[in-house]
Amino acid sequence: MTGLIDGDSFKESWLEGFVTAYGRSVARVPGAYGVVGRHAPREGKVSVIIGGGCGHYPAFAGLVGPGLADAAVIGDVFTSPSAEQVYRTARAADGGAGVLFGYGNYAGDVMHFGLAARRLAAEGIDSRTVLVTDDIASGSAEDAAERRGVAGDFFVFKTAGAAAERGDDLDAVASVARRTNERTRTYGAAFGGCTLPGKSEPLFTVDPGRVELGLGIHGEPGARGADAMGAEALAAELVDKLVAELPAGTERVAVLLNGLGRTKYEEMFACYPAIERRLRAAGLRPHRPEVGEFVTSLDMAGLSLSLLALDDELAELYDADCDTPGFRPLNPLAPGAELGGADEAGTPETEQRHESRGGVVHALLNAALERVSAAEEELGRLDAVAGDGDHGQGIVRGLRAAVRAADSAGSRPDDAGSIGDALLAAGTALADAAGGASGALYGALLSQTGAGLRAHEGRVDTAALAEAVSGACSAVAELGGASRGDKTLLDALEPFRDALVEQAESGTAPAEALTSSARVASKAAEGTAELASARGRASRLGARDRGTPDPGATSLALLLEAAAAELADGACARAA
């Protein structure tokens, strides 16, 4: 990256610029990191809403426009948007015929979009969800539903948008999107890693004379390395892997040669003839090939090839007109009247000023923020071993919001209810600001602990704290679908819970109990280095992260240690 924008302001800065430049086509969703097309909502039309972390332009905001998506919700770099942001964007785009959510198959997106869908349903807004799972490098054909979504997103969004534009109902639009996903395959190659905004080093490097095959779009390295290839050899590698997985009887394919951010268009054009020759040699007829940037990965050097096995209906939908800032086919919509300038960008509620009330929860979380902030770089390094390297940034960003929320809520050491309320507010704010799987899990941990304490009266004793943490631990396990040993924050959280329950049974005072249990969590977090990830993105890269502690377990241990030290140092007395 050039260094023009630092990491903390990246999302806000580019989104503001995008809406300012393309105000004739899109508007900012008030109070949210989302954009809605000037053509939407349209009464009686299904709204297609796409989204995910930023760093992938023109996905996702650049694909909003007539004939494609109606709105896009944007998370931080390579991080899912929060449920609150999804909800606000969906409400802004809903035209009364229901909402189709389309996004890549990543844990954080699944959680936050899923939570938003539940909230919409409670308000009478129907929705369907289609997860994109096109990346053949991230799982076997037998477990295709577990694969991640990469550049094949574009095909799914395009056909779904066209189906909604022609007036299909919600179930029919969802059916088109699912069929497109089932018939889409993607495989890619990286020549160099990407660099997060505000950072000076890439998330991974590729040695000279080598290439990474089966890369992701969140800065992950490939599934395997190989010697560098010329255009013919690379075309053979990509095409042959994809053709082997196409549905039987496929005759024509939509073709997308996608640049990942740094590879020049000229290089991709130089590669394309070899790809088309290889496809025709396999008996396939390329249909309206597209070469360019569609789903990027910041400044990653590399490209991916996506194929969609077309039937007559999907070909018609793929060919249908659309008009978006990031994609206009060769048969664009007829020009129309100017639609007006940009709306004033809304400011998310999480950024607004709050009244300071302080309290014990604020003191404990502020101590945790200081400790985790000091380890931000190291947490990012741990996460980059087999992930996208943003864990440190995300947790620090979330904790800052949690501290503000706890300060605004206030909490007294002699009032368990106020402590519970402050934790609930802090958890909601953390999940909204951090996004991603970690944001959802940390948010649930704080919120559910708070919910468990609200019913108690007077001071919080160790028994009440252990009971609340036990309930929160169960909620985190259910939300993340993980178990102890999967190399997640549960590998530190569950030992912490067990130790806290033991301390409660012994009648230990809260400060001493928390200190002792935090030590257990820290030791457990260190022990995750012996494990290989079984959940999330890292699980798709084999045992690449064995020998490295889990970043989520590590950050949780730091948080617990800091909170315990603050409590032992008299946080309750100072807050009284």
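Across which strands does helix 5 lie? In this predicted model, helix 5 (residues 170-182) lies across strand 7 and strand 12, and runs at about 55° to strand 7. Strand 7 (residues 184-192) and strand 12 (residues 301-309) are antiparallel and are joined by eight bridges. Within this pairing, Leu-308 of strand 12 is the residue opposite Thr-184. Helix 7 (residues 265-281) also packs on the sheet, where strand 10 (252-259), strand 11 and strand 12 are touched. The direction of helix 7 makes about 165° with that of strand 11.

The sheet that contains these strands is open and consists of six strands in the order 9-8-7-12-10-11, with mixed pairing. Strand 9 (224-227) and strand 11 (285-292) are its edge strands, each pairing on one side only. From one strand to the next, the twist averages 20°.

Strand 4 (residues 71-77) has pairings with strand 2 and strand 3. With strand 2 (residues 34-37), the pairing is antiparallel and extends over three bridges; here Val-73 of strand 4 stands opposite Gly-34. With strand 3 (residues 47-54), the strands run parallel and six bridges join them, and Ile-74 of strand 4 is the bridge partner of Gly-52. Strand 4 is mostly covered, with seven of its seven residues buried.

Aromatic pairs number 13 in a search of the whole structure. In one of them, the ring centres of Phe-18 and Tyr-22 are 5.5 Å apart and the planes are at 45°, so the pair is tilted. Phe-18 has a relative accessible area of 6% and is therefore buried, whereas Tyr-22, at 24% relative accessibility, counts as partly exposed. Phe-101 and Phe-113 form an edge-to-face pair, with 5.5 Å from centre to centre and 75° between the planes. This pair links distant parts of the chain, since Phe-101 belongs to strand 5 (residues 99-104) and Phe-113 to helix 3 (residues 107-122), 12 residues apart. Phe-101 is buried at 0% relative accessibility, and Phe-113 is buried with a relative accessible area of 0%.

Ring pairs also link Phe-154, Phe-155, Phe-294, Tyr-318 and Phe-327 into a cluster. The ring of Tyr-318 additionally has the charged end of Arg-288 over it, 5.3 Å from the ring centre. A charged end is likewise placed over a ring at Tyr-33, where that of Lys-11 sits 3.8 Å from the centre.

How values were computed: Residues are numbered from 1 along each chain as its sequence is written. This is a predicted model: local features need pLDDT of at least 70, side-chain atom pairs count only at pLDDT 80 or more; totals for chains, interfaces and linings use all residues. Side-chain values use heavy atoms; hydrogens and water are left out. Buried means under 20% relative accessible area, exposed over 50%, partly exposed in between (1.4 Å probe, protein chains only). Helices (H or I, at least four residues) and strands (E, at least two) are DSSP runs, numbered from the N terminus. Two strands pair if DSSP finds at least two bridges between them. Axes are lines fitted to C-alpha atoms, for helices over the stretch in contact, and angles run from 0 to 180 degrees between N-to-C directions. Contact means heavy atoms within 4.5 Å. Rings of Phe, Tyr and Trp (its six-membered ring) pair if their centres lie within 6.5 Å; planes under 30 degrees apart count as stacked, over 60 as edge-to-face and the rest as tilted. A charge sits over a ring if NZ of Lys or CZ of Arg is within 6 Å of the ring centre and within 35 degrees of the ring normal.
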